[in-house]
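Try each one before you read its solution.

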Amino acid sequence: MSGEIPNNVDLDNDAQLKRALSTWHPRFLQWWNEVGPDGFDTSRVYLRTAISASSEGWANYAYVRMPEYRWGIFLAPQLQRKIGFGDHPELDPWQQVPGEYRKELRRIIVTQGDTEPASVEQQRHLGRTAPSLYDLRNLFQINVEEARHLWAMVYLLQRYFGRDGREEAEELLTRRSGHQDHPRLLNAFNAPIRDWVDLFCFAMFADRDGKYQLESLSESGFDPLSRTTRFMLTEEAFHMFVGESGIQRIVQRTADLMRESGRDDIHGLGGIELALLQKYINSWYSESLDLFGGEDSSNAAAYFAAGLKGRYREASASYKDHRALDSAYRLQKPDGTAEEIPMRRAMNAVLRDSYTQDCERGLARWNKELEKRAAGARLYLPAVCFNRKVGAFAGLACDPQGKLLSADEFAARRDEWLPTEQDRARVAELLKPVYEPGKIAGWIAPPARGVNNQPLDFEYVVFN
Ligand SMILES: [Fe+2]
Ligand SMILES: [Fe+2]
């Protein structure tokens with residue numbers, strides 16, 4: 001079996017893991033066939049497959065039929081390090097699950113693991129409306145890699161958590177995105193990704209939450225978790241690239257149409273209007289902020305104290321105090337007041353602030369495109385209190401600028417700020433698939449370059 005499963009975890013000599021995988025693997029394939037990309041089973045896709053964790057090994061490109069993709073299990077190399085933060089920063093990282101943190105670790109791994117198959121389910125139907133073969137191929141690359149991330153978390157559960165780990169690994173294949181009785185664990189992973197503007201926003205904002213979660217886990221005191229997430233981050237970077245460059249290409253095309261026509265309402269010319277794009281940004285950014293959890297969180301404090309989950313690049317010099325016992329976080333409220341939260345309890349908010357800075361850099365690049373084309377409008381991130389369902393701002397009515405509103409006012413103006421069914425119908429009108437090599441849909445600019453140095457008119461997907 002391990003011949004089929006590329007790995008650097010000595011699968012051949014791990015009888016227990018082999019046994020666990022031998023029941024899970026067929027169930028995984030069944031899951032992929034049921035809810036993975038719809039309608040492309042026999043297509044050959046130009047995909048990257050990781051066959052080892054070395055720099056040459058993780059990016060092998062070839063035509064692959066997706067159900068035959070070789071999902072692998074990889075750990076990044078072990079580093080010389082100490083846990084470095086929390087209550088016992090001087091200890092060496094644990095190679096086995098410490099009994100006293102077993103419950104917390106399992107919860108962290110299951111929560112991360114659940115998002116991976118969820119996003120594949122959410123994106124299942126997008127292959128029907130891709131703007132080019134290049135984009136179609138990128139979608140499928142993300143899909144197979146999210147499935148590999150599921151493998152990464154299942155490896156930890158089956159290898160380190162015994163029987164309940166095996167049960168959790170089963171459950172990861174049983175929950176379904178958006179299912180009424182058996183949904184995925186986090187809200188943003190139950191929201192449908194209905195069109196390509198959703199997809200690009202999701203990859204920009206929700207995958208970027210993933211980056212920050214993985215970054216903080218990559219310094220975990222539980223060494224196998226640190227090593228597996230460090231390898232996942234190499235793949236995550238591509239997902240965020242698809243999101244950020246996807247929106248950037250929409251902005252380029254939209255701004256070109258605006259300049260040529262001298263007007264903002266360019267839907268009739270086949271473009272996606274900036275105001276509409278802003279609504280999608282409002283929706284996915286606020287949804288993604290919720291993924292960080294409550295600003296004041298006893299779980300976050302416990303994870304930090306235990307050395308399981310730190311801040312963004314905890315080991316770097318940006319933090320003077322790696323115990324975080326004596327400081328506080330000031331949470332600014334929309335009514336002008338502020339709340340002081342003990343630093344350890346505020347770790348979700350601290351991580352989220354790093355995330356927001358990263359998002360702002362993306363917005364600045366998009367706005368550069370508008371500036372270059374002499375467009376007056378700018379895109380922006382909505383205020384932290386806008387449209388929140390989790391944490392200190394949950395259920396507060398405020399506008400994207402952060403101004404408090406009455407519930408009635410918010411309800412009356414909601415459609416100005418978040419996509420409506422009518423908006424979605426307008427986007428859907430534009431989304432006709434373009435599957436001729438080198439051709440691209442009219443609502444998006446071509447990418448700056450192809451995949452793996454291939455030309456833009458390369459046949460990235462060969463249909464059967
Ligand atoms: Fe992932
Ligand atoms: Fe991702």
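A residue is buried if 20 or more other C-beta atoms, placed from the backbone, lie within 10 Å of its own, exposed if 12 or fewer, and partly exposed in between. This is a predicted model, where local features need pLDDT of at least 70 and side-chain atom pairs count only at pLDDT 80 or more, while totals for chains, interfaces and linings use all residues. Residues are numbered from 1 along each chain as its sequence is written.

**Exercise 1.** Decide whether W71 is buried or exposed.

Solution. Start by locating W71: it's in the loop between β2 (60–65) and α2 (102–122). Next, count: W71 has 23 C-beta neighbours inside 10 Å, so it is buried. Beyond four places in sequence, W71 is in contact (C-beta atoms within 7 Å) with A147, R148 and W151.

**Exercise 2.** Work out how α3 and α4 are oriented to each other.

Solution. Take the axes (lines fitted to C-alpha atoms over the stretch in contact) of α3 (residues 133–160) and α4 (residues 162–174): they lie 7 Å apart, at about 155°. Angles over 145 degrees count as roughly antiparallel, so that's what α3 and α4 are. Finally, list the partners: L150, V154, L157, Q158 and Y160 in α3 meet G165, R166, E168, A169 and L172 in α4.

**Exercise 3.** Do likewise for α6 and α9.

Solution. The axes of α6 (residues 223–261) and α9 (residues 347–372) come within 9 Å and cross at roughly 20°. That makes α6 and α9 roughly parallel (under 35 degrees).

Conventions. Chains are lettered from A and ligands numbered from 1 in the order in which they are written. Axes are lines fitted to C-alpha atoms, for helices over the stretch in contact, and angles run from 0 to 180 degrees between N-to-C directions. Helices (H or I, at least four residues) and strands (E, at least two) are DSSP runs, numbered from the N terminus. Angles under 35 degrees count as roughly parallel, over 145 as roughly antiparallel, 65 to 115 as roughly perpendicular and the rest as oblique. Two residues are in contact if their C-beta atoms, placed from the backbone, lie within 7 Å.
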